[in-house]
Amino acid sequence: MNAARVLPGSEGKFRTNGRDRNYSMAQSSIVASMPPPPSIAPLRDEVDSLLREKLDLHSQLFEAAQIQRKLSGPRELRYSGLQFASEVFAARFLSGDFTTFLKSGSKVLVAHGDIAGKGVAAGMWFTNLAGLLQSYGRPDSDPAKIASEINRHLCYLRPVAPFVTAFLARIDCHVGELTYCNAGHFPPILLRADGRTDLLERGGPLLGAIDGAEFDLGELILEPGDTLVAYSDGVLECRNTSEEEFGLDRILVALRHAESPSAQATLMMLLATLQDFANGSPLFDDVSLTVIQRDAKWRQPTALAG
């Protein structure tokens, strides 16, 4: 908007928006005292500076997301008739969900969980948790003891540290023996080759909540053709355009109708089913899935690939 100004040699008139208008003597003193229009140059410089800061922030967040993915370990591996696959999608740049596979000899340690919150804060705590898993989470370690050590550490850092849910499992890939501890996480689904399903619930409370909490172990054998799926609340609570939640039943239906030859194929099928259900609705929480699948036909041990 053009500022009003008095026309030279034209008493009783002032110009605004390119037109001449009459004014009184009282109005003329007001018009004369009005400051000159501010220059837009400083405003443009400020906008440019903010845009540069935004681009720099996005670049740093992208780099942090790549580091987070690297710390999570391989997305896929196969060993001695067992296949492992995982994927994480962040709702806000960095994820509070985590998945990782640690391997040694014939054993693989699987960790799948959720750090309370999302975004940058959850992403920062992810780094701390990744270090704890490296320190305590050896493939030959007892999952209940791992949960107990991480719980002790998080309780020591209260009230700063967040609550964490975690499913920890140690698997002997030669025989399919699986020992697990579920620390407050949504129970993973075990789909047997004959169609039966079980929920893996044994364990204890979420990590960081109760100092000195005790954690139990669950044990089972993954038979040929069995599939285990761990998931986060972002999967269950994913909503469509009608505000319906995806829920556990839809995961079970999708799994029962799947004829996937590999853990990676099963994972992609579940993600596609979830995406079709959401129908373009944005993520409100981080989404993560881990799939462990034993080959329907027994094969001799092969070299690890991941």
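Of the 306 residues of the chain, 44% count as buried (under 20% relative accessible area, with exposed meaning over 50% and partly exposed in between; 1.4 Å probe, protein chains only). The model is predicted, so local features need pLDDT of at least 70 and side-chain atom pairs count only at pLDDT 80 or more, while totals for chains, interfaces and linings use all residues. Residues are numbered from 1 along each chain as its sequence is written, and side-chain values use heavy atoms, leaving out hydrogens and water.

**Overall fold**
- The chain contains 7 helices and 15 strands, taken as DSSP runs numbered from the N terminus (helices H or I, at least four residues; strands E, at least two).
- Among contacts (heavy atoms within 4.5 Å) between residues at least 6 apart in sequence, 67% join residues at least 24 apart.

**Surroundings of His185**
- His185 lies in the loop between strand 9 (177-183) and strand 10 (189-191).
- His185 counts as buried because its relative accessible area is 5%.
- The side chain of His185 reaches the backbone oxygen of Tyr231 at 2.8 Å.
- Leaving aside residues up to four places away in sequence, His185 touches several residues, including His112, Asp114, Phe167 and Tyr231.

**Leu43 and a surface patch**
- Leu43 belongs to helix 2 (residues 41-71).
- Leu43 counts as exposed because its relative accessibility is 53%.
- Together with Val47 and Leu51, Leu43 forms a nonpolar patch on the surface, with about 280 Å² of accessible area in total.

Key
Patch = residues over 30% accessible without salt bridge, like charges linked within 9 Å, V, L, I, M, F, W, Y side chains within 5 Å. Areas by Shrake-Rupley, 256 points an atom, 1.4 Å probe, with all protein chains shown as cover. Salt bridge = Lys/Arg side-chain N within 4 Å of Asp/Glu carboxyl O. Polar contact = N/O pair within 3.5 Å; in protein donor to acceptor, adjacent residues only side chain to side chain.
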